[in-house]
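I am opening my notebook on a new structure today, and I mean to write down what I looked up, one topic at a time.

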Amino acid sequence: MKPGEVNLGTSLMAVTFKGGIVIGADTRTTSGPYIVNRVTDKLTPIHDRIFACRSGSAADTQAIADIVRLYSEMYSVNFGEDPTIRTAAALFHDICYQNKNALSAGIIVAGWDKYEGGSVYCIPLGGSLHKQPFATAGSGSTYVYGYCDKNFRENMTQQEAVDFVKNGIALSISRDGSSGGCIRIATITEAGVDKIFIPGDQVPTFWNKS
Amino acid sequence: MDHFSQGNINYPPQPRSDAFSDPTTQTLNPIVVGSSVLAIKYKDGVMLAADTLASFGSLARFRDCERLYRVGDFTVLGASGDISDFQYTTHLLDTLVVEEYYTNDGHVLKPPNIYEYLSRLTYGKRNKFDPLLNSYVIGGFDGGEGFLGYVGHLGTSYQSSTIATGIGAHIAQPILRKVVEGRENTITEEEAIQVLEDCEKILYCRDGRSLNYYQRAKITAQGVEISGPHKVEGDWQYGVKFGKYGNFK
């Protein structure tokens with residue numbers, strides 16, 4: 001990140017559960033200490049049931065997501081069916097790896113497809129690709145590795161998964177200056193995408209001396 | 001009239017140092033990395049071991065990362081260093097294996113071929129200042145005996161009966177040499193497993209970027225067998241008596 005560049009400071013989470021995935025993010029975009037956008041939507045649609053969670057440079061991740069969205073639309077036209085999450089993740093992976101020197105992007109690709117059900121793929125800074133049962137990313141994620149390792153279970157219910165993500169993002173926000181604002185959550189299953197918006201005054205709070 | 005009595009932030013003009021003035025620069029830093037890979041020749045072939053950790057700086061980021069990769073039917077590639085470059089290399093080798101198959105001339109890529117190819121590839125990229133930031137261990141079975149080679153990020157390559165990359169080169173290599181050198185044709189499978197297990201235990205004790213789960217690969221005339229993750233138990237009991245400094249009670 002260079003001085004003057006706009007940064008998605010960020011807390012991101014993506015979790016598989018029985019039936020699909022839940023993704024969540026904070027809503028703060030910063031440029032140095034100034035908050036450029038306090039209601040950002042970092043959960044970006046790539047296809048009907050594929051989303052990308054963006055952290056790092058706002059410009060870089062927007063540009064990459066736009067390209068992969070184009071490729072995904074062309075995939076449906078050429079092959080007559082939706083691309084799989086694995087395909088979308090591979091497209092992100094290829095761009096992030098081949099341009100690793102020029103990009104500052106940490107991306108989580110998640111969604112539901114009819115072959116694998118819900119899947120989560122993490123693409124950190126170097127452009128490597130990692131399929132995981134759950135993933136965290138962004139500057140705020142460092143503060144919740146312990147919370148996530150303690151509380152994650154395979155095959156949670158949808159409500160349990162939403163609570164897991166909501167609390168994880170809320171805890172990240174509370175300790176990370178580059179994360180904040182509201183929480184956006186999306187649940188993706190066979191039935192489709194369900195987006196939830198939690199305004200800043202309704203974000204869970206935790207121990208605080210006052 | 002004094003135009004500058006309140007000060008003018010834009011005069012005299014200064015060179016800027018921000019996102020829009022700096023040129024893009026090459027970065028040659030590895031980001032998500034794997035630690036040591038160990039390998040030895042033994043009576044029936046070769047054995048490799050590598051823990052299943054991919055670190056992001058000091059953070060133990062991905063604890064289920066497989067750093068031993070099968071290439072064709074006779075070779076295993078182990079790598080330490082940047083994981084994204086390792087993923088690129090394994091993908092490249094997969095396409096090579098498929099292309100060899102499609103030439104349909106009965107030849108397949110064997111360990112010495114993979115070794116030579118990686119040696120040329122890494123040296124060529126080093127010359128263009130676009131290196132693959134890995135240390136590779138190529139283990140396989142060919143021509144009735146085991147094959148073991150090393151290729152580094154500068155294009156350095158050599159063959160040896162014991163190989164260790166990363167911190168393992170300092171900590172484990174002397175142990176591997178003591179146990180294996182001179183006995184390559186007599187050391188049994190059990191002894192080979194034991195020495196690799198002992199070295200992984202020591203690396204877990206002394207390498208801050210290691211994990212107590214590791215994979216093992218065995219390549220013999222029968223082919224490739226990758227097993228694990230195996231758990232390593234640390235040895236902590238001596239901490240009951242030792243650990244203090246100075247002479248106080």
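Which residue in strand 9 of chain B is the bridge partner of B:V137? I looked this up in the model, which is a predicted one, and I found that the partner is B:Y150.

Strand 8 (residues 134–142) of chain B and strand 9 (residues 145–151) of chain B are antiparallel and are joined by seven bridges. I noted that the two strands form a hairpin with two residues between them, and that B:G143, which sits in the turn, has a positive phi of about 60 degrees.

Next I looked at the pairing of strand 8 of chain B with strand 7 (residues 75–82) of chain B, where I again found an antiparallel arrangement with seven bridges. Here B:A79 is the residue that stands opposite B:Y136. I also checked how covered strand 8 of chain B is, and eight of its nine residues turned out to be buried.

I turned to chain A and its nonpolar cores. The largest nonpolar core has 22 residues, and A:I23, A:L43, A:I108 and A:V120 have the most contacts inside it. Several strands of chain A each supply at least two residues of this core, including strand 2 (12–17), strand 3 (20–26) and strand 8 (105–113). Apart from this core I found another, of 20 residues, with A:F134, A:F164, A:I185 and A:V203 among them.

Last, I looked up A:R153, which lies in the loop between helix 3 (145–151) and helix 4 (158–175) of chain A. I recorded A:R153 as partly exposed because its relative accessibility is 43%. Although A:R153 and A:F17 are 136 residues apart in sequence, their C-alpha atoms are 8.6 Å apart in space.

Definitions and conventions. Residues numbered from 1 in each chain as written. Chains lettered and ligands numbered in written order. Predicted model: local features only at pLDDT ≥ 70, side-chain atom pairs only at ≥ 80, totals over all residues. Heavy atoms only, no water. Core = buried A, V, L, I, M, F, W, Y, C linked by side-chain atoms within 4.5 Å. Buried < 20%, exposed > 50% of the residue type's maximum accessible area, 1.4 Å probe, protein only. Helix = DSSP H or I, 4+ residues; strand = E, 2+ residues; numbered from the N terminus. Pairing = 2+ DSSP bridges.
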